[in-house]
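Me: Please take me through this structure, and for each label that you use, set the value against the rule behind it.

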Amino acid sequence: MSAAPVLALRGVSKRFGAVQALTDVDLEVHAGQVVALVGDNGAGKSTLVKTIAGVHPIDEGSIEWDGKPVSIARPHDAQGLGVATVYQDLALCDNLDVVANLFLGRELGRAKVLDEVAMEKRAKELLDTLSIRIPSVRIPIASLSGGQRQVVAIARALVGEPKLVILDEPTAALGVEQTAQVLDLVERLRERGLAVLLISHNMADVKAVADEVAVLRLGRNNGVFKVKDTTNEEIIAAITGATDNAVTRRKARGAEAVK
Amino acid sequence: MSDTVNTPPQPQKPSDSQESTKDQKHAPVDADPDAAAGAIPAIDPRLLVREQGFAGYLTEFKRKIKGGELGSIPVVTGLIVIWAIFQISSGRFLDPSNLSNIAQYIVGPGLIATGIVFVLLLGEIDLSVGSVAGLTAAASSVLAIKQDMNEGLAVLIGLVGAAAIGALHGFFFARIGVPAFVVTLAGFLGWSGLQLFVLGNTLSLNNISGGIIYHLNNYYFSDVAAAYGLAAVAVAGYAWSQWNEHRRRKAADLPHRPMSELALRTGVVAVLVFVAAYVLNQEDGLPLGLTVFVAVIVLASFVLRRTNYGRQVFAVGGGVEAARRAGINVVWIRISVFTISGFLGGLGGLFIASQSGVADSNLGGGDTLMLAIAAAVIGGTSLFGGRGTPWSALLGILVIQSIMTGLYMEGSSSKAVQSMITGAVLLAAVVLDSVSRRSQKAAGRA
């Protein structure tokens, strides 16, 4: 990875009143890379995501986008940069059809009159390139299964041509087969050269699609692992704080040596 | 995980699309090895495929009925039944004079009901429209008659006032967070009080003979050409919009309706419109009131289905949180919808005043509000938000007015029977709405 990361957090801290939610967190996501963000409940995953999405501005540290420092104070800023966030509760309108949901808030058309044909065409192209299969783009969201809704929500994030897609627990509520569909889709996002930040509790999912795993513990970095040469146990140890193992010790030694 | 148990691939015809919807829900999408292998055109048998031609139309229709998407079928059926019963029992229900009469009576309550449709689409309720209608009629009449103001200006002030009242309700609901039910209940009481206050000790004001309010619901374009001309324009416009969409979808290589279906739809619309024009011409000609009412519905329908604004109204009605995250200004949408409701309430009030000949203290009171809400619901607009169309105001008020007129012709002018029957019809409509929602859930469509 020679190019500058799409997104880099440097020493980010965030405080809510007396609670120090994030302390000195670093994170890098490159284009065409899936980074899984894992951690126990309350580790700061959601807070970190919200700082990137602009919901909570950071207190300290800096955010770099394509190597240049930027400030993200509002959700609008994040969208402007090219960050698309798919939250856990998908926030789709059940009564509207798939096309209407994909383009909700950024409808195509002239002079406030909708161009349904153009939207349906682009919707089909988008779903085809992602190999998403749904019964029809003209049926209400209410008639789709959980997995199909999830892929529609992800596809919706892509309508704005983002560079970084943040997925908050995309497989949490899904069955085995539906999870597989969503993981397939995550891989396709990577193939398209997007940077993906995947938040997950599920080690199997993380091992299946992620390139790197960033572990948060109690609001601090607790190691970044290459998925290829890390075992589940090592990651879980980092999550739970059972850090007294060979990996962390060697890392610590290496760090000391550098100093 | 019962969802993921492998169901064998379905060796079914695409025509069996009702089945395929269900299977789609339960079968894993990539269970079909062919589908997985072929990223190429091979159409997945479980996808909803519309057959071309009338056979496909019929299948689609059956699927919708089974899935609980009844649309306006129940109300149209009900209307036909009601008309048939009264025609058989009285023998003159379908006379042009009676139908013309009905066409005059539906305008005022129908306009109020159109405003209610907007509010119901948000999943809210507006209880104040009757009082707003009465206040608008009273205020306009008082300004024009007692204050000697130009009548056009008085009407304009009345309508702007009605819109402002709606906006005020919307503000309290959307900004302050008071439930719409309570805000508009307060409005219901307050504005009818203001109506009495405005009227003062003159409890009833006759319309200025030959004035604007007088003409609103009593003017007829008596030239036969007017009704037929408007009918021709309407059919041509409908055919053009259908054909235009057909052409664009075909050019974009999207599924489109076959020409035969276009011809059928246009034919049905043409028959309906020209029969209506013929009937009206048998009597006084094309009524101004009905023209305004239908024009308002066409405009409202266009706004709701074809514009950004309409899409946003449906989105807020379907899921406030989703709409907010999509960047929709929920507060503005809510305030604007209540403004529309208030404006149409006021407009309806003027038409009711025109039709009854007076603006008095009773106008907008009594069951005006309840009938307007009932009309919207009977017409098929859901009380639960996000589903409905302005046309349901027309269909619903037609049903209610037909029952009233029919019973009156039967000689039972007492309100007792009217109210009981209208109540039963309303209950039936709401039961249908609830049941259709349930079967939509069962078919995975709600």
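Reply: Two residues are in contact if their C-beta atoms, placed from the backbone, lie within 7 Å. By that rule, among contacts in chain B between residues at least 6 apart in sequence, 76% join residues at least 24 apart. This is a predicted model, in which local features need pLDDT of at least 70 and side-chain atom pairs count only at pLDDT 80 or more, while totals for chains, interfaces and linings use all residues. Residues are numbered from 1 along each chain as its sequence is written, and chains are lettered from A and ligands numbered from 1 in the order in which they are written.

Me: Why is A:Gly39 called buried?

Reply: A residue is buried if 20 or more other C-beta atoms lie within 10 Å of its own, exposed if 12 or fewer, and partly exposed in between, with C-beta atoms placed from the backbone. A:Gly39 has 23 other C-beta atoms within 10 Å and is therefore buried.

Me: What does A:Gly39 touch, not counting residues up to four places away in sequence?

Reply: Its contacts include A:Gly44, A:Val215 and A:Ile239. A:Gly39 and A:Ala238, 199 residues apart in sequence, are 8.3 Å apart in space, C-alpha to C-alpha.

Me: What are the domains of chain A, and how many residues of domain 1 are in contact with domain 2?

Reply: With bounds from an automatic or database domain assignment, chain A is divided into domain 1 (1–82 + 164–259) and domain 2 (93–161). Eleven residues of domain 1 of chain A are in contact with eleven residues of domain 2 of chain A.
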